[in-house]
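Dear colleague,

Please find below the sequence and structure for your records. A summary of the findings follows them.

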Amino acid sequence: MNDCIFCKIINGDFGTEFVYENKYAVVFKDINPKAETHLLVVPRLHVESLNELDDKDILGELMLTVKAVTKELGIKSYKTLINTGKEAGQEVFHLHIHILAGRIF
């Protein structure tokens, strides 16, 4: 999607630094953090929300990405969050998983 901010980030349009990346996803810092560590795990494939993701392999890879990035960064305790739909607080309509660690604001 050309107008999707996360697709633009994935394509390198903003020079966003990836904390971690693999074949399936990129991970970067949230620009409006709600915790000391607030990362976003974003699939390279544009999917609007969890409701539209039917591929169990991609869903599994996203969760494995959460495990890999937290292990690499030495984060042992964290919260994961997926907002699905506008009414649930989803602001960017490209599926993403929040990783929150440390003091939560």
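**Findings: sheet, pocket and cysteines**

In this predicted model, five strands form an open sheet with antiparallel pairing, in the order β1-β2-β3-β5-β4. The edges are held by β1 (20–21) and β4, each of which has a single partner strand, so one side of each lacks a neighbour in the sheet. The pairing of β1 with β2 is antiparallel and runs over two bridges. Within this part of the sheet, Glu21 stands opposite Val26 in β2.

The largest pocket has a volume of about 500 Å³. Its lining comprises 24 residues, of which Asp30, Asn32, Leu40, Glu91 and His98 are the closest to the centre. At least two lining residues come from each of α1 (5–10), β2 (25–29), β3 (35–43), β4 (79–81) and β5 (97–104). By residue class, the lining consists of 11 nonpolar, eight polar and five charged residues.

As for the cysteines, how many disulfides does a search of the whole structure find? The search returns zero. For Cys4, the closest cysteine sulfur is that of Cys7, at 3.7 Å, which is too far for a bond, because a disulfide requires the two sulfur atoms to be within 2.5 Å. Cys7 is likewise in no disulfide, the sulfur of Cys4 being the nearest cysteine sulfur to its own. Cys4 counts as buried at 6% relative accessibility, and Cys7 is buried with a relative accessible area of 9%.

With kind regards

Key:
Residues are numbered from 1 along each chain as its sequence is written. This is a predicted model: local features need pLDDT of at least 70, side-chain atom pairs count only at pLDDT 80 or more; totals for chains, interfaces and linings use all residues. Side-chain values use heavy atoms; hydrogens and water are left out. On a 1 Å grid over the protein atoms alone, a cavity is a set of points where a 1.4 Å probe fits but cannot get out, and a pocket is an open set with protein on both sides within 12 Å along at least five of seven lines; lining residues have an atom within 4 Å of a point. Grid points are joined across faces, edges and corners, and a volume is the space filled by probe spheres set on the points. Helices (H or I, at least four residues) and strands (E, at least two) are DSSP runs, numbered from the N terminus. Ala, Val, Leu, Ile, Met, Phe, Trp, Tyr, Cys and Pro count as nonpolar, Asp, Glu, Lys and Arg as charged, and the others, Gly among them, as polar. Two strands pair if DSSP finds at least two bridges between them. Buried means under 20% relative accessible area, exposed over 50%, partly exposed in between (1.4 Å probe, protein chains only).
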